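Visitor: Could you take me through this structure and tell me what lies behind the terms you use?
Guide: Gladly; have a look at it first.

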Amino acid sequence: MNPNKPFVYDRHHGGDRWATLLAGLALLAWPLVRLQADVIDDFEHGRNFTLQGNAGPPEWELVGGELRVSLPEADSWGFLAYKPIYELAEGQPVEFRLDLVSVNASDVFVGLMVHFAGYLWPGTMGGGYGFFVLNNRVVLQKKWTDGETVFFDQSMPSRAGSKTISLTFTREGGDLSIRTQVVLRDDPQTVIYSKEVTDHPGVDVAGDNGPTPSGPAVVVALEVSRTSSLPGAEAVVDNLVCSKDQTPALLGIQRENVTEATLMWPGWYVALESESAQGPWRPCPEPVTLEASHLRSTVRLSALDKYFRLVQGVNVSDSFDSNEGWLTASVVPGGTLRPSWLPRYPESFARIRGEGTHNEDFVLRWNGITGLWYRDCVATVDIIDWGDAMEDATFGILLRAVPEGEQWPNNTGGLPEQRYAGLLTFKKADNLAESALSITGPGGAVLREERFAAVNPDKQYRLRFWAVGDQLTLELFEQDSLAAPIKTLTLTDGRIPQGMDGLYGTKSAGGIYEVFIDQFTLSGATVY
């Protein structure tokens with residue numbers, strides 16, 4: 001193995017920045033204590049995980065109560081994640097354990113990963129740790145919002161047979177003790193490798209950002225890859241467990257005044273609201289922020305009773321203050337002509353511009369969450385300016401788009417036939433004094449359209465699109481009056497029950513497409 005070619009690297013925003021590996025440290029040993037376990041997945045009952053991979057989702061199958069993960073592409077990795085909640089009480093060890101049954105090559109590795117606090121894509125996420133095991137090598141990685149480091153990277157004795165790998169965490173004030181261990185699966189008293197480190201609030205190793213992650217564990221994941229660039233990595237795993245029972249996801253509510261209340265909750269959940277305890281429920285549309293150990297949102301109250309609850313899902317909030325992640329793509333498979341994406345990240349907004357041959361229909365997507373499918377969801381985007389030559393041009397939100405494969409990378413051309421879109425037409429070519437809202441369905445068919453007095457170029461607007469059950473709702477707000485929409489479009493269509501999200505626009509009859517946008521948000525219940 002080439003010691004100068006580390007295999008743990010940063011995938012924040014889809015990057016490939018290699019982490020710096022450290023020298024090996026002394027080897028210590030503890031016997032594995034078999035604690036009463038909460039079974040996260042025993043791979044006996046079908047798929048319970050979300051999938052991601054840099055070359056598309058990994059291939060997988062359940063065989064005899066075990067999970068086989070395959071990566072046919074070279075230079076690829078596969079990531080399988082679960083979204084439980086486990087609290088770490090002071091001084092009480094919590095162990096996460098995975099059976100590593102086999103790998104098909106000596107350079108194939110499996111990582112057991114645990115992340116903490118809440119998640120808010122794409123700019124902020126909780127920190128966590130990953131324990132990566134090869135045939136004769138182990139690595140402990142620490143990851144946080146803006147980077148990662150390695151606590152240790154050292155050799156271990158090579159032993160044939162199935163193994164059990166584990167991560168055990170113990171909170172001790174501001175410190176977090178992390179014990180890593182590898183034992184023989186069929187003889188857990190035979191310890192192959194064991195080492196304990198302590199993550200202090202300060203800097204412990206080169207590149208460490210200091211603070212330990214706060215809040216509960218909210219993601220347990222496994223990763224499969226290989227240190228070489230060869231294709232064909234394969235690993236078989238079984239019995240992903242935690243020594244502690246899961247913690248219910250609790251929603252905190254604090255009334256601020258007669259018109260507002262603050263909601264707080266942990267982990268991979270979205271808040272739902274309803275005017276009745278029996279529903280119907282829909283995702284709360286207000287922006288979500290991530291604090292030290294929980295998500296927070298300030299919701300609007302009304303004269304009617306309002307009820308709230310949680311459902312597993314994902315919250316997205318992006319103010320375009322970075323030039324990472326978002327890309328435009330042609331709606332024609334294999335096409336290259338589309339408007340350009342020009343983030344103005346010092347000013348926290350972005351411009352989409354196409355003229356000449358680049359004045360074409362396009363999709364705009366962020367690459368970091370391409371594997372997520374939503375059922376009930378709501379998305380908003382702020383439209384802060386647009387060009388003069390925008391006759392018949394549209395811009396809006398895609399929901400429940402169903403690509404042919406399980407993932408839909410942001411640089412892949414083509415627009416799924418199965419999709420809903422909520423669109424704003426800035427000015428109709430046959431009457432420049434009119435704008436229009438429209439909802440389109442499968443194949444781009446217009447399901448409903450309504451014209452109204454043209455949007456004012458001196459004002460800024462917010463577009464909001466809901467897909468809740470079979471109800472589709474498109475709303476347009478003026479930015480200086482967000483309490484009530486200036487125009488609403490609703491209809492019933494249940495042909496597409498779930499899918500992915502994006503932004504979408506159609507070319508201008510005036511020859512130049514130009515739209516300035518800010519603050520994209522999405523809250524949705526995920527399929528897995």
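This is a predicted model: local features need pLDDT of at least 70, side-chain atom pairs count only at pLDDT 80 or more; totals for chains, interfaces and linings use all residues.

Visitor: How do the residues of the lining of the second largest cavity divide into nonpolar, polar and charged?
Guide: Five are nonpolar, three polar and one charged. Ala, Val, Leu, Ile, Met, Phe, Trp, Tyr, Cys and Pro count as nonpolar, Asp, Glu, Lys and Arg as charged, and the others, Gly among them, as polar. The lining itself consists of Cys284, Pro285, Glu286, Val378, Ala379, Thr380, Thr521, Leu522 and Ser523.

Visitor: What pLDDT does the protein chain average?
Guide: The average is 88, and 91% of the residues score at least 70. pLDDT is the predictor's confidence in each residue, from 0 to 100. Over residues 1-35 it stays under 50, and the model has 97 contacts beyond four places in sequence for them; contact means heavy atoms within 4.5 Å.

Visitor: What makes a space a cavity and not a pocket?
Guide: On a 1 Å grid over the protein atoms alone, a cavity is a set of points where a 1.4 Å probe fits but cannot get out, while a pocket is an open set with protein on both sides within 12 Å along at least five of seven lines; lining residues have an atom within 4 Å of a point. Grid points are joined across faces, edges and corners, and a volume is the space filled by probe spheres set on the points.

Visitor: What is the volume of the second largest pocket, and which residues are the closest to its centre?
Guide: Its volume is about 390 Å³. Of the 21 residues that line this pocket, Pro285, Glu286, Arg300, Arg464 and Leu482 are the closest to its centre. By class, the lining has ten nonpolar, two polar and nine charged residues. Strand 36 (461-468) gives the most, with three residues. Strands here are DSSP runs (E, at least two residues), numbered from the N terminus.

Visitor: Why is strand 34 called largely enclosed?
Guide: Six of the seven residues of strand 34 (residues 434-440) are buried, so the rest of the structure largely encloses it. Buried means under 20% relative accessible area, exposed over 50%, partly exposed in between (1.4 Å probe, protein chains only).

Visitor: How do you know that strand 34 pairs with strand 35?
Guide: Two strands pair if DSSP finds at least two bridges between them. Strand 34 and strand 35 (residues 446-453) have seven, in the antiparallel sense, so they meet the definition. Leu437 stands opposite Glu450 in strand 35. The two strands form a hairpin with five residues between them, and Gly443 in the turn has a positive phi of about 75°. Strand 33 (residues 418-425) also runs antiparallel to strand 34, joined by five bridges, with Leu423 opposite Ser438.

Visitor: Is Pro416 buried or exposed?
Guide: Pro416 has 9% relative accessibility, so it counts as buried. Pro416 is in the loop between strand 32 (394-402) and strand 33, and touches Ala401, Val402, Pro403 and Trp408, not counting residues up to four places away in sequence.

Visitor: What about Phe43 and Asn239: buried or partly exposed?
Guide: Phe43 has a relative accessible area of 1% and is therefore buried; Asn239, with 26%, is partly exposed. Phe43 has a positive phi of about 60° although it is not a glycine, and Asn239 has a positive phi of about 50°, again without being a glycine. Phe43 belongs to the loop between strand 3 (38-41) and strand 4 (50-53), whereas Asn239 is found in strand 19 (residues 233-242).

Methods:
Residues are numbered from 1 along each chain as its sequence is written. Side-chain values use heavy atoms; hydrogens and water are left out. Helices (H or I, at least four residues) and strands (E, at least two) are DSSP runs, numbered from the N terminus.
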